[in-house]
Each structure stands twice: as structure tokens, then as C-alpha cells.
Amino acid sequence: MRNSAAGSAGESFDAAFDFVELAGPPCVDNLESPLGGRSFMGISRAANPDWPGWIVLDHGLGVCPSGIDQPVDDDVTGGYADLRRLVRSFFLHNYWKGVFADTMPWPLSVVVFDSAVVHGRNRAVRMLQEALNNLYGFRKLEVDGIFRRDSRMALAVILSRHEWYQRTLVTEVLRIRQGYCDLVACGDRQAMSVCRQRALGLQRLAERCFEDAVFVMPSEASGLGLAC
């Protein structure tokens, strides 16, 4: 296994954000959210009423059904550039750092990060905990969505082994996620299809990474945050 020393936490997040932006809005966020209401790129207005992006959206700037892919006049409230910057900042602090993806090697980090965007931080961590239990049940972790020291230590042990372990872990997280997606979509074939395409995109990204045998560990990461 070859780790890229050049990979920084910022560079890893930028690549992960590029994937999420290209994949578009989460496919099942409104179906599973008890809050309902408007959402944009996985950001719920009911849960995040103070997010400044709503000011841009309320003015009708950068809005289109498929997400942030329609440039607008930047002279008006910053337009598309401001909206993208606000989404990026929200994702960085609420999802990327919120699930400790900044302490995980690529491609596991982008899989957990995208799961947080689609299903929320708690559900993303639960998927990771369940995968660790299913594959490496040397001790049962509590599947509660809280990334405590025991979960971090279990993940650190797995990632310290052969790269095959990360490969199987990524595959298992995606398997669990797809089962949950299908359950939440509950017969909505369009939502299920979109969700599966998104997971397939993640799987292909991971496979390319494994084929190249390059795994980027953020340079700022230290022991999966075990000191916390």
C-alpha cells in the first residue's frame, strides 16, 4: 500500500466535495427527514434556518432542479460563486469534520462523508460501526452513531493492516448504505435508482483508488483523533 504524503486534509476534502457536487442533491433526504420542508444539496431549511445560503436562494440565484450547476450573474448577491462557497463551508464543518472524515484515508473518507451528506452524520457513523462489527467483530461496537474512542480505535486497528481491509470495509459500508437507501425509499423506484447510481459512483471511485494503490491520509490527521 502506498500512502501519498502530498495529500493534505484540504486537498482530500476538495476532491470529496467535487464528487458530492457532481453527484447532485441527496436522493432520499426528504423521504427520511421527519422535519420535511425545503432542502438544498442536503441542507435542510427546517434544521438549519440560519444558513446564509437561504438568502441567495430566496433571491432566486443559482437555483435549478439538479443542484448547483447553473451559473448566474455574480453582480447580484454574489450569485453562484457565493452559493457554492456557502455550501462548501457548510459541508466542510458539518459533514466532513462532523464524521471525522478528515482523519480517515481516502477513499474511506469520501464514502463516509457522502453518506453523511445523504443520510446525516449519525446514520453515516452507524453505517461505519455496523460494517466494523460485521467484518471484524473482535469486540462489538455500540451502533449508536457516536464516534467514540472505541470506534476510533477499532477503525485504527483495521486501517493499520493490509490495504485489503480498507477495501472490504468500503464495500461493506456501501452495502449497508444501499440496503438502508432501499428501505427509506420504500418502493420509490426513481429514488432507489438515483441512490444506487450514487453508490455505484462511489464504488468506481474507490476501485480506481485501489487499482492505483494510492491511499491519501490527511497530513493533519493523528491517530483518528484518539487524543480527543
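Visitor: Which pattern does the chain follow, read along the sequence?

Guide: This is a predicted model, in which local features need pLDDT of at least 70 and side-chain atom pairs count only at pLDDT 80 or more, while totals for chains, interfaces and linings use all residues. Residues are numbered from 1 along each chain as its sequence is written, and side-chain values use heavy atoms, with hydrogens and water left out. Helices (H or I, at least four residues) and strands (E, at least two) are DSSP runs, numbered from the N terminus; the chain has 9 helices and 4 strands. Read along the sequence, their pattern is β-α-α-β-β-α-α-α-α-α-α-α-β.

Visitor: What percentage of the residues in the chain is buried?

Guide: A residue is called buried under 20% relative accessible area, exposed over 50%, and partly exposed in between, with a 1.4 Å probe and protein chains only. The chain has 228 residues, and the buried share of them is 47%.

Visitor: Which residues does the disulfide join?

Guide: A disulfide is a covalent bond between the sulfur atoms of two cysteines. Here the term is applied to a pair of cysteine sulfur atoms within 2.5 Å, and the structure holds 1 disulfide. With an S to S distance of 2.2 Å, the disulfide joins Cys181 to Cys195.

Visitor: How many residues apart in sequence are the parts that this pair ties together?

Guide: Cys181 and Cys195 are both buried. Cys181 lies in helix α8 (residues 163-185) and Cys195 in helix α9 (residues 189-212), so the parts tied together are apart in sequence by 14 residues.

Visitor: What distance separates the C-alpha atoms of Met192 and Asp182?

Guide: Met192 belongs to helix α9 and is buried, its relative accessible area being 15%. Not counting residues up to four places away in sequence, Met192 touches Gln178, Asp182, Ala185 and Gly187. Met192 and Asp182 are 10 residues apart along the chain, and their C-alpha atoms are separated by 5.8 Å.

Visitor: Are α5 and α9 roughly parallel or roughly antiparallel to each other?

Guide: Axes are lines fitted to C-alpha atoms, for helices over the stretch in contact, and angles run from 0 to 180 degrees between N-to-C directions. Helix α5 (residues 108-119) and α9 pack at an angle of about 165 degrees, with their axes 11 Å apart. Angles under 35 degrees count as roughly parallel, over 145 as roughly antiparallel, 65 to 115 as roughly perpendicular and the rest as oblique. The two helices, α5 and α9, are therefore roughly antiparallel.

Visitor: Which residues of α7 make the contact with α6?

Guide: The axes of helix α6 (residues 121-135) and helix α7 (residues 149-159) come within 11 Å and cross at roughly 55 degrees. That makes α6 oblique to α7. From α6, the contact involves Leu128, Gln129 and Leu132; from α7, it involves Ser151, Leu155 and Ile158.

Definitions and conventions
Contact means heavy atoms within 4.5 Å.
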